[in-house]
Amino acid sequence: MNLLHEISIQEELPLGSVVTSLTDKIPNLDQSIEYDLVTPSSNDLDLFSIDHKQHALITKHRLDYEYLCLKKKICTISVSIAVSNENTIDVYILPIRILNINDNFIQFHVNRTVIEIDENDENWSKKSYLLPEAYDEDGDSITYSIYLQNWIKPDGLFDFDETNLLLKPMKKFDREEQNIYLLRLIAHNQNDASTDIIILIRDVNDNAPKCEHNQTVFLISNLSGLTFLSLNATDLDEGDNAKLEYRLTNPSPGFSIDRYNGQIKFDSKRWMRSNESILIVNVTDHGKPLSLSTRCFVEIQFTSIYHIDFHSNISIINQTTIHFNVKNLHHSLGQFRIYDKQQMKLCSNCFISLNSTYEDIFKLNSSTYDLYLNLNSMYLMRILTNYSNRKENLSLNFQIQISSSFNPSIISMKNYSIVIFFNKVHLLIHSNMFFLKIDQNTPLYERIPLYNRYHHCLNNQSTELVLFDPTQTFQLDDNLNLVLMKYLNVKQRKFYQLILQQNPNNSTNDIKPCSIQLNLYILDSYSSTHVLPYFSHPFYILTSKNMSEFSLRALPSHVRYVSSVPDLISIDSFNASFTVRSLALYSSYYYDFQIQAIDSQTPSLSSSIPIRIFFGINKYPPYLLINSTRLSIEIFSSRFLYQVKAYDPDIIFNEEMNVLVPSIEYEVDPSTNIEIERFTGRIFLKNLNKTKINFTLIMTDFGQPNRLITKQSLVFDIQSRENLSVSFLF
């Protein structure tokens with residue numbers, strides 16, 4: 001045998017391709033009598049044949065490297081060629097090495113892999129999950145990468161061990177937060193292949209059932225049949241972990257619950273009154289290994305047991321619309337009668353609450369259920385003190401709510417539309433009540449006129465009158481004026497009721513005796529009470545930067561917003577947003593104007609608020625005006641100590657300026673023995689026994705871009721009941 005030199009050829013040559021010329025390999029082949037291939041020992045090796053015309057070795061069958069080399073482990077094929085000469089037959093062996101080409105794509109055996117991970121697994125850091133391996137029949141090396149479906153690395157969720165093809169969780173997973181994660185595993189070499197990795201977060205019973213509402217209200221109006229309520233409870237788990245079962249923990253006659261769907265049934269024939277107003281429902285899931293439960297609360301309200309009726313001698317009642325013609329403020333407007341339809345008698349143990357558009361305008365006698373006007377109402381005060389509108393109507397919505405003192409589940413409500421007609425002159429004469437409002441910042445010894453031409457006690461200055469004031473805050477002079485003798489403070493007292501009557505020593509039989517009650521309302525100019533219901537703040541301070549954001553709430557149709565200077569600043573009558581029309585205003589440091597809310601239905605409820613707009617830059621901090629004069633005041637009666645005054649150097653000081661908008665805000669440490677009014681600087685004592693007070697006064701101005709602050713240390717030395725010595729420390 002003769003061994004020829006090995007040759008190499010690529011796999012997958014087309015059939016009939018020339019592998020090599022035999023004349024180059026076998027000497028004197030053209031002089032031989034005959035030559036051919038020796039039949040191979042295996043059909044797997046019968047891959048070649050000889051083309052005698054070309055004296056060449058050609059391919060006979062497919063040459064597949066992956067089959068021959070990788071599967072059969074035959075990477076080199078030895079071809080035997082027998083050559084016959086005259087006297088001998090020579091055999092030549094030609095080794096042929098099959099070379100691999102990249103003719104196979106990389107693949108995964110599976111299109112997707114599903115991995116289940118228990119939620120909230122405490123041992124998550126010890127777990128890893130094997131991923132599928134890609135294969136390439138060409139045997140090329142493969143690398144891997146893994147992404148979420150949006151081609152983002154799963155950082156913070158999973159760690160990928162490429163060497164061992166392991167996926168490791170990086171945290172505990174909550175199925176209720178996310179129950180599935182979709183990943184894509186990609187294999188790389190000369191081409192890429194991918195497979196889906198689906199991570200399912202397996203539910204465990206880690207969520208207790210939840211009620212849709214903390215407390216559900218079960219309204220029952222039918223007392224002659226059945227009423228149903230479906231209790232809504234959910235469980236964020238799934239399967240049996242979310243299957244719920246319901247049970248009443250405090251059974252009450254007439255009430256039952258469906259064990260499986262949570263429907264509560266009320267049977268009026270079985271119901272008995274009790275003091276129970278809350279049903280407690282235990283909701284339990286079927287989770288394993290332990291079930292979880294919660295409690296749902298159902299408030300029972302019987303809405304039709306009480307019949308509410310209103311009787312009045314001074315009104316016209318049309319179903320739920322009542323028109324009152326008030327003739328005397330001392331008298332009742334009418335009486336509510338509450339009838340218990342189940343017990344067929346008037347309710348004697350009912351609790352009544354009132355709600356209305358103007359919340360404090362009514363009061364109720366809890367014993368007789370008589371309804372009265374609340375003479376301390378700030379809304380009523382604004383109507384009754386305005387004698388420029390002698391006749392006026394007030395429209396409002398009113399709701400009465402009735403509940404049982406012994407059974408809180410019995411609740412009934414009724415709504416009314418009410419119109420109250422006020423003839424103020426008539427009321428003044430027949431009620432003998434005169435209403436007056438006084439600002440709490442009224443100076444001491446100020447005279448407040450009481451003259452009123454409609455009442456005989458107040459229109460005759462020659463009548464000698466006596467004032468009865470148990471607080472000794474006011475005195476009466478000879479000209480029918482109230483004289484303020486003590487400082488007013490709404491925090492200490494908001495209302496005063498005085499009696500003014502004719503001196504008994506000077507009364508005669510031919511003159512009608514004089515007697516009238518004075519109702520005084522003390523107002524704080526910097527409180528919102530005197531601008532309600534249409535404004536929530538007594539003033540607004542804006543800057544050129546934020547004024548475009550300013551707006552107020554929408555008004556009812558009978559009220560509109562109006563600017564005090566429409567040519568300079570126009571107002572949207574609907575929401576009070578405004579536009580500066582005069583460019584000259586931008587060159588000023590500030591500008592003041594007013595917005596009015598004009599009520600065409602009840603003019604006395606109209607109100608206005610001042611607005612200051614800062615256009616310039618705030619440069620200088622506040623400056624304290626020092627007045628060291630010794631003061632003689634009655635400290636121990638009104639608690640008033642002193643009034644500090646400061647001004648803003650950026651604004652020309654004007655004593656009348658603060659009437660509209662304050663320029664300084666005052667503060668003291670709350671722990672000191674004094675309190676100070678924020679915008680007036682009036683200081684009041686908390687403890688009358690203190691004789692020396694050290695404190696720091698903080699004064700803050702308004703402006704843009706920043707508010708500036710000045711702090712001043714002060715000492716008040718109270719030397720006697722009447723005298724106050726004020727020292728200023730710098």
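**A tour of the disulfides and annotated spans**

Select Cys-347 and Cys-350, which form a disulfide (a pair of cysteine sulfur atoms within 2.5 Å) with their sulfur atoms 1.7 Å apart. The torsion about this S-S bond is about 120 degrees, so the disulfide is right-handed. Cys-347 is buried, at a relative accessible area of 9%, and Cys-350 is likewise buried at 9%, where buried means under 20% relative accessible area, exposed over 50% and partly exposed in between (1.4 Å probe, protein chains only).

This is a predicted model, in which local features need pLDDT of at least 70 and side-chain atom pairs count only at pLDDT 80 or more, while totals for chains, interfaces and linings use all residues. Residues are numbered from 1 along each chain as its sequence is written, and side-chain values use heavy atoms, with hydrogens and water left out.

Next, select Cys-211 and Cys-296, whose sulfur atoms lie 1.9 Å apart in a disulfide; the torsion about the S-S bond is about -100 degrees, so this disulfide is left-handed. Cys-211 lies in strand β18 (residues 210-211) and Cys-296 in strand β26 (residues 293-302), so the pair ties together parts that are 85 residues apart in sequence; strands (E, at least two residues) and helices (H or I, at least four) are DSSP runs, numbered from the N terminus. Cys-296 is buried, at 0% relative accessibility.

Then move to Cys-69 and Cys-75, joined by a disulfide with an S to S distance of 1.7 Å. Cys-69 is buried at 8% relative accessibility, whereas Cys-75 is partly exposed at 23%.

Finally, select residues 1-108, whose end C-alpha atoms lie 47 Å apart and which are 6% helix and 41% strand.
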